[in-house]
Amino acid sequence: MTQQTLVRPAAASPQPPRPRRRPPSFRRQGGAAHVFLLPFLLGLVLITAVPLLASLYLSFTDYDLLHDPELVGLDNFRRMAEDERFWASVGVTLRYVLVSVPLQLAFALLLAVVLDKGMRGLALYRSAFYLPSLLGSSVAIAILWRQLFGHEGLINAVLGWFGIEGESWLQNPDTALSTLVVLNVWTFGSPMIIFLAGLRQIPEELYEAARVDGAGRLRQFSSVTMPLLTPIIFFNLVLQTIGAFQAFTQAHIISGGQGGPLDSTLFYTLYLYQQGFQSFNMGYASAMAWVLLVVIAVVTAGHFLLSKYWVFYGDER
Amino acid sequence: MDLVTRRRFLQLVGLGAGMTAVAACGGGSDGTAIRYAWWGDTIRQQKYTAAIEEFVKQNPGIEVRPEFADYDAFQERITVQTAGRDVPDVFWIPSPHVMSYHDAGLYRRLDDISSLDLSQFPAEQLELYKIDGELNTLPRSVLTAAVRYNQTFLDEAGAELPPDDPQHWTWSGLQEFLIDYARDAPPGRKAIHYNAQADLCFEAWLRQHGQDLWTADGRMGFEPAALEGWFEWWEVLRRAGAATSLSEQEGASPEWEVVGDKVLMTFGNSNHIADEAPMFPDYEFNLRMMPVLPDAAPGHRFGYLSRIAIYQGIDDDKLDAAGKLVNFNINDPGFLRIVGLSVGAPANPRMLQEAYAVANEDEKKMLAVVEQEMAEEQRPRYEAPPGSGTWRTIMIRGVEEVALERASVSEAAARVIAEIDRELGQAK
């Protein structure tokens, strides 16, 4: 019956006249769609595109917000080469990206694998593990981190049980950045949820087949889970790398906006912010923003180029 | 499903737009609306909001729209507002930006506003407030550098500060006393917290050395040796165990909650006692003027005037209301009764006397020390020039270098001076 309804008529019946105009209802719906899209499009143009272009223009100017901008050509970009604090911020940011992103992804994957075991109360655990991601950028973190890593914090209290008198981890230039790495790793909720969704996509039959072939849990993980999860790992890697390059709030809150002690937590974006809104060098800050954009674009492109060597998509031969 | 007709859709859009427009008009008034921007903490925000309510009650037809922020956020916001030519009608001026805002043309002259009564200020005082020969800002309060100490801790130790006279109340005498106190202090207690970044106190040090923080022509007014001496004074205390380490006090510019019950003494602004003493209600705090060098330069005493201004671009029809609001801030004793003295002693001489009637015990100590300082001979003091907005941040890094032993005193001083000089050079 069904097939009959799908059979195209054999005879070449005369084609019905093609409607010259779209149905009125379609047109009306299309018009409404455009109107509903208008707020988004306006936002895109006014809040994103125009400021983006304005900042590109400002990057070639000397602009202190209080006076009109003056064109200075490439001076802002040349200045970066000689700016010690600029390079300090680059170093801090690179260290942060290189250490915190792999650690965070590894931790998120570990938790996702554990949660994927179908334990009781999974939804509760998922929510609980996601909670730090919501708190990670809040002001409360400054207080919490002091309670943990301060001179009289929990970590030093524990060390004290073993007779070790610790300094404030937040006020030591050698350890301050590590506390921010810990904070980033702690906010693993978002990649964990994505990993969890990815793990759920892996067919159970593959694990069954692996078990039949005698694969243990580790072998199943390395030969089934990891290869099939590489697109998800790649996705998380790209997102978290971009996020780490743009990290700002944690350092701003915990160092009181200074990036201290001794610039040890001076993230690139924090220095950019200091230049723009504290030193009022908005031209220089705009130039820094564009350099960051280019660096992130290059790193992301690099990720995509390298992905063909390690990311496995199921439809590939 | 019935589709929405074009007519019906446009009707809905029109209705929505109309309602939005009506909503946007909500909260308005028939009178004059003045935007007033100030900074502070939550307590100050509550007190000033109450004062504004009182002002509005006294001045029907004037609406005041508060724009409140924390000190750092305030500076950032008003600068961005300046870029957008959207500056509040009446605003406080942060100390590092008095001249930057002047250069940007933010201040309107104040001596031609009929609703603003200047008669309570002596003419010679008004002359001192002028910037480039024009009375375009007014001081809403006076702050001085001061030493605050915990009398309860002193009594517990059975100790007394060096006598408050120029022979004994000296930098070296105080240093010896603090080291001595720390030797017998209870566990966890230090004599002073490491506060080398306290700007007014550093300025007091400079002026006693015959130097200035800023010069009349907008440059740095001090030599490396003066800054080195300042760093060294603190380092002697730290090395002797009399001052807290940066680790113990959680940073170079610690919060009073963190150190308030750990130290006998602190350096800071005279007005801070109003907000900080109540944080430790079990202790009694007292204030003194800064110690002096035996050969201190004449006229070294000074007060910092915290200023208020009216925006140059204010609409003419708002000027009278803005004048009334400034008048309420600087001339009305009722205002003091509501907001207290957390911003410092009133600059208006008559209000200063009125202030004693509304001040609590801590605030009276602040008023007394300010009066004592202001009664002394004072040579001119120059406002922070454009480009100096980040000098405190640079100073903090210098303090960190020294106190964390990452640089010698002379290296840190040289770096601080070079960086401030570079920032000044970059200003337009």
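## Helix H12 of chain B

The expected span of a helix is 1.5 Å times one less than its number of residues. In this predicted model, helix H12 of chain B covers residues 316-331, 16 residues in all. Its first and last C-alpha atoms lie 23 Å apart, close to the 22 Å expected.

## The nonpolar core

B:Leu325 also stands out in the largest nonpolar core, which has 157 residues. Together with B:Ala191, B:Leu325 touches the most other members. Helix H4 of chain A (residues 84-115) gives the most to this core, with nine residues. Domain 1 and domain 2 of chain B both give residues to the core, so it lies between them.

B:Ala191 has contacts beyond four places in sequence. Its partners are B:Leu178, B:Tyr181, B:Ala182, B:Ala185, B:Ala242, B:Ala243, B:Val263, B:Leu264 and B:Met265.

## Two domains in chain B

Domain 1 of chain B spans 32-141 + 304-368, and domain 2 spans 145-300 + 387-426. Their C-alpha centres are 29 Å apart. The contact between them takes 14 residues from domain 1 and 14 residues from domain 2.

On the domain 1 side, helix H4 (98-103) and helix H15 (361-374) of chain B are the elements that give two or more residues. H15(B) gives the most, with four residues. This side divides into six nonpolar, five polar and three charged residues.

## Where chain B meets chain A

In the contact between the chains, 31 residues of chain B meet 28 residues of chain A. On the chain B side, at least two residues each come from helix H1 (6-25), helix H3 (71-83), H4, helix H16 (391-403) and helix H17 (409-426). H3(B) supplies the largest share, six residues. The chain B side holds ten nonpolar, nine polar and twelve charged residues.

## Confidence in chain A

Chain A has a mean pLDDT of 88, and 89% of its residues reach 70 or more. Among its elements, helix H14 (residues 282-310) has the highest mean, 97. Helix H1 (residues 2-6) of chain A has the lowest, 41.

Over residues 1-11 of chain A the pLDDT is below 50. Beyond near neighbours in sequence, this stretch has zero contacts in the model. Where pLDDT is low, the predicted coordinates should not be read in detail.

Conventions:
Residues are numbered from 1 along each chain as its sequence is written. Chains are lettered from A and ligands numbered from 1 in the order in which they are written. This is a predicted model: local features need pLDDT of at least 70, side-chain atom pairs count only at pLDDT 80 or more; totals for chains, interfaces and linings use all residues. Domain bounds come from an automatic or database domain assignment. Two residues are in contact if their C-beta atoms, placed from the backbone, lie within 7 Å. Ala, Val, Leu, Ile, Met, Phe, Trp, Tyr, Cys and Pro count as nonpolar, Asp, Glu, Lys and Arg as charged, and the others, Gly among them, as polar. A nonpolar core is a set of buried Ala, Val, Leu, Ile, Met, Phe, Trp, Tyr and Cys residues joined through C-beta atoms within 7 Å. A residue is buried if 20 or more other C-beta atoms lie within 10 Å of its own, exposed if 12 or fewer, and partly exposed in between; C-beta atoms are placed from the backbone. pLDDT is the predictor's confidence in each residue, from 0 to 100.
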